[in-house]
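The following exercises concern a predicted model. Please work through each task before reading its solution.

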Amino acid sequence: MTRPPGYVALLTVIMVTVILTLIGVTAAFRSLGSRQTELVGSFKQQSKYAAEGCLDQALLNLSLNNTYAGNETITYPESGTTCKIEPIYLVTSQKILKASSQVREASTYLVLTVDAVTLERISLQEVRGF
């Protein structure tokens with residue numbers, strides 16, 4: 001039995017096409033995964049900035065009114081991002097401020113400890129949740 005002319009060339013072209021298609025599909029999925037990771041990182045950064053902004057707003061409110069209790073939600077009109085200031089607690093000579101923000105699937109929860117009298121920052125921590 002003889003093979004028709006060009007049989008080997010046809011098989012070679014088919015195999016090369018399959019290999020190149022697989023390489024292209026793999027590259028596309030890697031690129032998509034990389035883009036998704038980058039997007040989630042961007043959302044996390046936005047949520048962190050919003051939570052930090054909430055803490056700054058709470059500190060400003062405390063400096064203007066020492067009895068400010070927190071427990072409010074702030075919306076940033078430029079981005080439509082919201083953040084929540086939790087109730088403020090007094091522990092010995094320190095005030096504990098908590099703020100959170102969520103941008104899509106990225107969340108940030110911050111806890112700021114300040115001196116109750118001077119409002120000097122003592123520590124800032126990001127935690128998993130309240």
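**Exercise 1.** Determine which hand the disulfide of C54 and C83 has, and why.

*Solution.* Step 1: the torsion about the S-S bond of C54 and C83 is about 80°, so the disulfide is right-handed. Step 2: the two sulfur atoms are 1.7 Å apart, and a pair of cysteine sulfur atoms counts as a disulfide within 2.5 Å. Step 3: the structure holds one disulfide. This pair links distant parts of the chain, with C54 in helix α1 (residues 7-64) and C83 in strand β2, 29 residues apart.

**Exercise 2.** Decide whether C54 is buried or exposed, and do likewise for C83.

*Solution.* Step 1: the cut-off for a buried residue is under 20% relative accessible area. Step 2: C54 has a relative accessible area of 0%, and therefore it is buried. Step 3: C83 has 2% relative accessibility, so C83 is buried as well.

**Exercise 3.** Describe how strand β1 is joined to strand β2.

*Solution.* Step 1: strand β1 covers residues 70-76 and strand β2 residues 81-87; the two run antiparallel and are joined by six bridges. Step 2: opposite C83 of β2 stands I74. Step 3: four residues lie between the strands of this hairpin, where G80 takes a positive phi near 80°.

**Exercise 4.** State which residues T81 touches, leaving aside those up to four places away in sequence.

*Solution.* Step 1: T81 belongs to strand β2. Step 2: its relative accessible area is 9%, so T81 is buried. Step 3: with those sequence neighbours left out, T81 touches A50, I74, T75, Y76, S101 and V103.

Notes:
Residues are numbered from 1 along each chain as its sequence is written. This is a predicted model: local features need pLDDT of at least 70, side-chain atom pairs count only at pLDDT 80 or more; totals for chains, interfaces and linings use all residues. Side-chain values use heavy atoms; hydrogens and water are left out. Two strands pair if DSSP finds at least two bridges between them. Buried means under 20% relative accessible area, exposed over 50%, partly exposed in between (1.4 Å probe, protein chains only). Contact means heavy atoms within 4.5 Å.
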